[in-house]
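I wanted to see how the parts of this protein chain sit against each other. These are my notes, in the order I looked things up.

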Amino acid sequence: MKILLFDIDGTLILSGGAGDRSLTKAFERLYGLQRAMQGIKPAGKTDPAIVREIFVRKLNIEPTDEQIKEVLDVYVECLVDEVKNSKGYRVLPGVHELLEKLDGDRDFLLGLATGNIERGARIKLSRADLWRYFSFGGFGSDSEERDVIVRMAVERGLRLADYDPELVAVIGDTPRDIKAAHDAGVFAVGVATGPYSVDELYNSGAEIAFEDLSDIGDFYKKIKVLSEKWQKTRS
Ligand SMILES: [Mg+2]
């Protein structure tokens with residue numbers, strides 16, 4: 001069994017700013033803060049880490065867990081409509097076809113490894129009916145640290161694969177995904193549909209990197225090579 005752990009934003013979909021707008025609304029409603037996301041770069045960061053950054057940088061508050069949770073509750077409320085109405089929402093090239101193919105292939109086990117809290121992940125993926133492909137994951141609601149999230153996703157996947165995988169790889173669009181994968185002891189596959197180029201993803205250590213996920217044949221071929229490498233390093 002090959003376990004693939006997908007990031008969401010910049011990897012599977014772009015929400016067209018729905019996440020940013022929802023967080024902005026949450027801070028506006030709870031703290032009267034305008035333009036909370038201005039100057040904040042969310043790529044590769046977890047939802048609770050982004051919320052904490054806004055508290056510290058914009059409000060000069062070191063937030064409690066309770067305060068972070070309260071913001072994220074309002075965020076999720078806003079996210080429902082923001083995702084539904086987002087004009088810029090799109091599924092990235094090849095994603096529908098690739099997930100459909102992998103889903104029908106018993107060699108693969110698909111999970112999520114994302115900084116989104118679980119409820120947010122479900123809202124973002126459900127608009128395009130992508131949520132159903134994933135049977136488990138690690139989320140921003142599990143931890144503020146991406147490293148911990150990836151480790152939890154890996155552990156949950158291993159349990160489902162009886163601890164005998166042919167490959168475990170994280171697929172993500174930022175160097176943060178790649179570092180978290182390596183820290184968790186698994187391979188990293190970069191995809192340049194977010195803010196980083198293929199070269200930048202290779203330079204940050206990705207075992208493989210794709211421009212996008214539209215060439216399913218090429219994806220399968222490279223995953224096969226990666227899987228052979230995995231089994232060689234583990235035997
Ligand atoms: Mg991402």
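Predicted model: local features only at pLDDT ≥ 70, side-chain atom pairs only at ≥ 80, totals over all residues.

**Notes on the two domains**

I started with the domain assignment of the protein chain, which gives domain 1 as 2-15 + 89-234 and domain 2 as 18-85.

Next I checked the spacing. The centres of domain 1 and domain 2, taken over C-alpha atoms, are 25 Å apart. For the contact, I noted 19 residues from domain 1 and 20 residues from domain 2.

Then I looked up the buried area. The size of an interface is often given as the accessible area lost when the parts come together. Here about 1,500 Å² is buried between domain 1 and domain 2, and carbon and sulfur atoms give 59% of that. Which residues of domain 1 lose the most area to domain 2? I found I117, I123 and E144, which together make up 37% of what the domain 1 side buries.

I get two salt bridges across the interface of domain 1 and domain 2. I also looked at R119, which forms a salt bridge with D73, with 2.9 Å between the closest N and O atoms.

Last, I went through the side of domain 1 that touches domain 2. Two or more residues there come from each of α5 (118-126) and α6 (146-160). α5 gives the most to this side, with four residues. By type, I sorted the residues of this side into five nonpolar, seven polar and seven charged.

How values were computed: Residues numbered from 1 in each chain as written. Heavy atoms only, no water. Domains from an automatic or database assignment. Contact = heavy atoms within 4.5 Å. Buried area = accessible area lost by both parts, 1.4 Å probe. Salt bridge = Lys/Arg side-chain N within 4 Å of Asp/Glu carboxyl O. Nonpolar A, V, L, I, M, F, W, Y, C, P; charged D, E, K, R; others polar.
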